[in-house]
Amino acid sequence: MSFGKMNTMIDLITTQPIKDAEGFANKGDTTIASVRAYKEDRHGNESWKNRAIFTKASALFRFRAIPGIAVKTNMIIVCDTGRYNIVSAEDVKNRGMYTEVLCERMETSG
């Protein structure tokens with residue numbers, strides 16, 4: 001993956017309950033990392049046809065592996081086009097260089 005194709009800035013975040021001054025728990029976002037990534041939206045080409053088992057996935061993000069951080073399905077990706085729930089995360093070709101993440105877009109209410 002060339003550096004020129006990774007032109008989307010993303011934040012890898014996790015949501016954890018945070019207690020406020022009165023003791024009520026609210027969801028809070030904790031940023032794990034901010035990196036450049038390649039983003040591909042779902043469309044009808046051959047590679048998306050092969051990912052048919054991930055019917056919920058609407059976007060693919062590919063970025064360089066972050067040392068010491070394991071990307072999990074309970075994390076969220078935030079970029080300029082919205083928030084995405086992680087459906088699947090895997091190491092590209094098991095080399096430890098790139099991480100490929102399939103995500104579904106979160107619909108905002110309100």
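**View 1. The pairing of strands β3 and β6.** In β6, threonine 99 is the bridge partner of phenylalanine 63. The model shown here and in the following views is a predicted one. Strand β3, which covers residues 59-64, and strand β6, which covers residues 98-105, run antiparallel and are joined by six bridges.

**View 2. The barrel to which these strands belong.** Six strands form a closed barrel in the order β1-β2-β3-β6-β5-β4, and their pairing is antiparallel. On average, and with direction ignored, neighbouring strands of this sheet are turned by 45° against each other.

View 3. Glutamate 100 and arginine 62 meet through their side chains in a salt bridge, with a distance of 2.5 Å from N to O. The pair links distant parts of the chain, since glutamate 100 lies in strand β6 and arginine 62 in strand β3, 38 residues apart. Glutamate 100 has a relative accessible area of 14% and is therefore buried, and arginine 62, with a relative accessible area of 17%, is buried as well.

**View 4. The aromatic pair of phenylalanine 61 and tyrosine 84.** The count of aromatic pairs in the model comes to one. Phenylalanine 61 and tyrosine 84 form this pair in an edge-to-face arrangement, with 5.3 Å from centre to centre and 70° between the planes. Because phenylalanine 61 lies in strand β3 and tyrosine 84 in strand β5 (residues 82-91), the pair ties together parts that are 23 residues apart in sequence. Phenylalanine 61 and tyrosine 84 are both buried.

View 5. The model contains three salt bridges, and one of them is formed by arginine 83 with aspartate 29, whose closest N and O atoms are 3.2 Å apart. Here too the pair links distant parts of the chain, with arginine 83 in strand β5 and aspartate 29 in strand β2 (residues 25-41), 54 residues apart. Arginine 83 counts as partly exposed because its relative accessibility is 27%, and aspartate 29, at 44% relative accessibility, likewise counts as partly exposed.

**View 6. The salt bridge of lysine 39 and aspartate 41.** Lysine 39 forms a salt bridge with aspartate 41, and the closest N and O atoms of the two residues are 2.9 Å apart. Lysine 39 has a relative accessible area of 19%, which falls under the 20% limit, so this residue counts as buried. Aspartate 41, by contrast, is partly exposed, with a relative accessible area of 40%.

Methods
Residues numbered from 1 in each chain as written. Predicted model: local features only at pLDDT ≥ 70, side-chain atom pairs only at ≥ 80, totals over all residues. Heavy atoms only, no water. Pairing = 2+ DSSP bridges. Helix = DSSP H or I, 4+ residues; strand = E, 2+ residues; numbered from the N terminus. Axes fitted to C-alpha atoms, helices over the stretch in contact; angles between N-to-C directions. Phe/Tyr/Trp six-rings, centres within 6.5 Å; stacked < 30°, edge-to-face > 60°. Buried < 20%, exposed > 50% of the residue type's maximum accessible area, 1.4 Å probe, protein only. Salt bridge = Lys/Arg side-chain N within 4 Å of Asp/Glu carboxyl O.
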